[in-house]
Amino acid sequence: MTKKRIGILTGGGDVPGLNSVIKSVVYRGAELGCEVIGIRRGWEGLTHLDLNDPASKAHYILPLNGENTRTIDRTGGTFLHSSRTSPTKMKRLPPVLQAHNFEAKASTTKGVTSTAFDVTPAVVKNIEGLRLDYLITIGGDDTLSYAAELHRQGMKVIAVPKTMDNDVRNTEYCIGFSTAITRAMDAIDRQRTTVGSHERIGIFRVFGRDAGYTALYTAYVTAVRCCIPEYKVDLKHLIDLLIHDKRNNPSNYSLVILSEGAEWQGYIRNEYGEPDAFGHRKKMSVAEDLSDEIKRATREETVVSDLTYDLRSGSPDFVDRLVAFTFAGMAMDAVEDGRSGLMTAINEGRYTMAAIPDPKLGPRNVDIASMYNIERYRPKYDHKLGFPIFLTRV
């Protein structure tokens, strides 16, 4: 293999396992005679970088080696740091680009119209200025969608999927998902003692704006009811089920897990704050809203716990380390073979390389028919013979 210069970045929210990918790419790169360049703060590192300014280069560019990555896989987060930057939808140009004439375009995302700049030419110029032969991008739908755009621009790109929502298309598993479920399971099992001691209804909110995998799989392993974005439950029926669970529990308590994007019939999910670079606004807590509805209908007391950010903190579990190291090896295999425009993936329980998903298709959703009981608001446990280990198929 001819010596290559490889760039690597992490975008979007952090999850456990990112550092395992970074370290493995660096170590495998050293074996292949490659030079690995870390790009800090995700796509911001390629939009805000001023190659003529030593301070800017020191801030955004970090040469990686065995010494400065030796222990990073032992912790969570991302050694390269991250940001939510979309080079095709920049609302404000960074100082280094303000003298350039980028066309401002109006776009509408989820009903919100805004004006933004597409600075892809500057990104390509920085990639060329850094003399990168390859770019390995680690991220979710938003980060990977721009990786696909760079591939279309002629840059050689390999993508690695990560998100604890596990909703990236073309793969059954994304780095961070297993640790998130493990953390949620532990938190719920611990809080049973408090919810039970006070004989209340425990409501747990987890991430999942558009897909319910995190809530569903946490419910699967804790035997708890759940509500997911893919199915609007009947509020009265849900409350009746929770009251039934409480009355038939020797400790007189019940639990329910909600995706942040879960809804019930007639419920209007409120959002607040400015949209981020990819058009996403923060959502008001559906758990607090459900708590109010339960109190109003039954006068029962509730305990509301937001398990969102805690699930992405700390070091990865066994599964996420295993998948992260394996995905990194697959990415470097693709680099060695000269392939581009592909994403590491798991399909039918087997490791494979897949196309980077088309962002127009949106996130991968839970298959209600095989995974969710719409009468009991629980996961389905039956008829799993022949399913892959993560119980879904691409």
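Two axes count as roughly parallel at angles under 35 degrees, roughly antiparallel over 145, roughly perpendicular from 65 to 115, and oblique for the rest. The model is predicted, so local features need pLDDT of at least 70 and side-chain atom pairs count only at pLDDT 80 or more, while totals for chains, interfaces and linings use all residues. Residues are numbered from 1 along each chain as its sequence is written, and side-chain values use heavy atoms, leaving out hydrogens and water.

**Helix packing**

- Helices (H or I, at least four residues) and strands (E, at least two) are DSSP runs, numbered from the N terminus. Axes are lines fitted to C-alpha atoms, for helices over the stretch in contact, and angles run from 0 to 180 degrees between N-to-C directions.
- Helix α8 (residues 235-247) packs against helix α9 (residues 286-298) at an angle of about 75 degrees, and their axes are 11 Å apart. The two helices are therefore roughly perpendicular to each other.
- Where they meet, α8 brings Leu-235, Leu-238, Ile-239, Leu-242 and Ile-243, and α9 brings Leu-290, Glu-293, Ile-294, Ala-297 and Thr-298; contact means heavy atoms within 4.5 Å. By class, the contact of α8 with α9 has 8 nonpolar residues, 1 polar and 1 charged. Here Ala, Val, Leu, Ile, Met, Phe, Trp, Tyr, Cys and Pro count as nonpolar, Asp, Glu, Lys and Arg as charged, and the others, Gly among them, as polar.
- For helix α6 (residues 177-197) and helix α7 (residues 213-222), the axes come within 9 Å and cross at roughly 50 degrees. That makes α6 oblique to α7.
- On the α6 side, the contact includes Phe-177, Ile-181 and Ala-184, and on the α7 side it includes Tyr-213, Thr-214 and Tyr-217. The contact of α6 with α7 divides into 8 nonpolar, 3 polar and 2 charged residues.

**Aromatic rings**

- How many aromatic pairs does a search of the whole structure find? The search gives 10 aromatic pairs. Rings of Phe, Tyr and Trp (its six-membered ring) pair if their centres lie within 6.5 Å, with planes under 30 degrees apart counted as stacked, over 60 as edge-to-face and the rest as tilted.
- Tyr-220 and Tyr-381 have ring centres 4.4 Å apart and planes at 45 degrees, so this pair is tilted. Tyr-220 sits in helix α7 and Tyr-381 in the segment after β17 (378-379), so the pair ties together parts that are 161 residues apart in sequence.
- Tyr-220 counts as partly exposed at 22% relative accessibility, and Tyr-381 counts as partly exposed at 41%. Buried means under 20% relative accessible area, exposed over 50%, and partly exposed in between (1.4 Å probe, protein chains only).
- Phe-327 and Tyr-351 have ring centres 6.0 Å apart and planes at 85 degrees, so this pair is edge-to-face. Phe-327 belongs to helix α10 (residues 318-337) and Tyr-351 to strand β15 (residues 350-355), so the pair ties together parts 24 residues apart in sequence.
- Phe-327 is buried, at 0% relative accessibility, whereas Tyr-351 is partly exposed at 36%.
- One aromatic cluster is formed by Tyr-173, Phe-177, Tyr-213, Tyr-217 and Phe-390.

**Two single residues**

- Asn-19 lies in helix α1 (residues 18-31) and counts as buried at 2% relative accessibility. Leaving aside neighbours within four places in sequence, the contacts of Asn-19 include Ile-72, Asp-73 and Phe-79.
- Gly-329 has its place in helix α10. Not counting residues up to four places away in sequence, Gly-329 touches Ser-24 and Arg-28.
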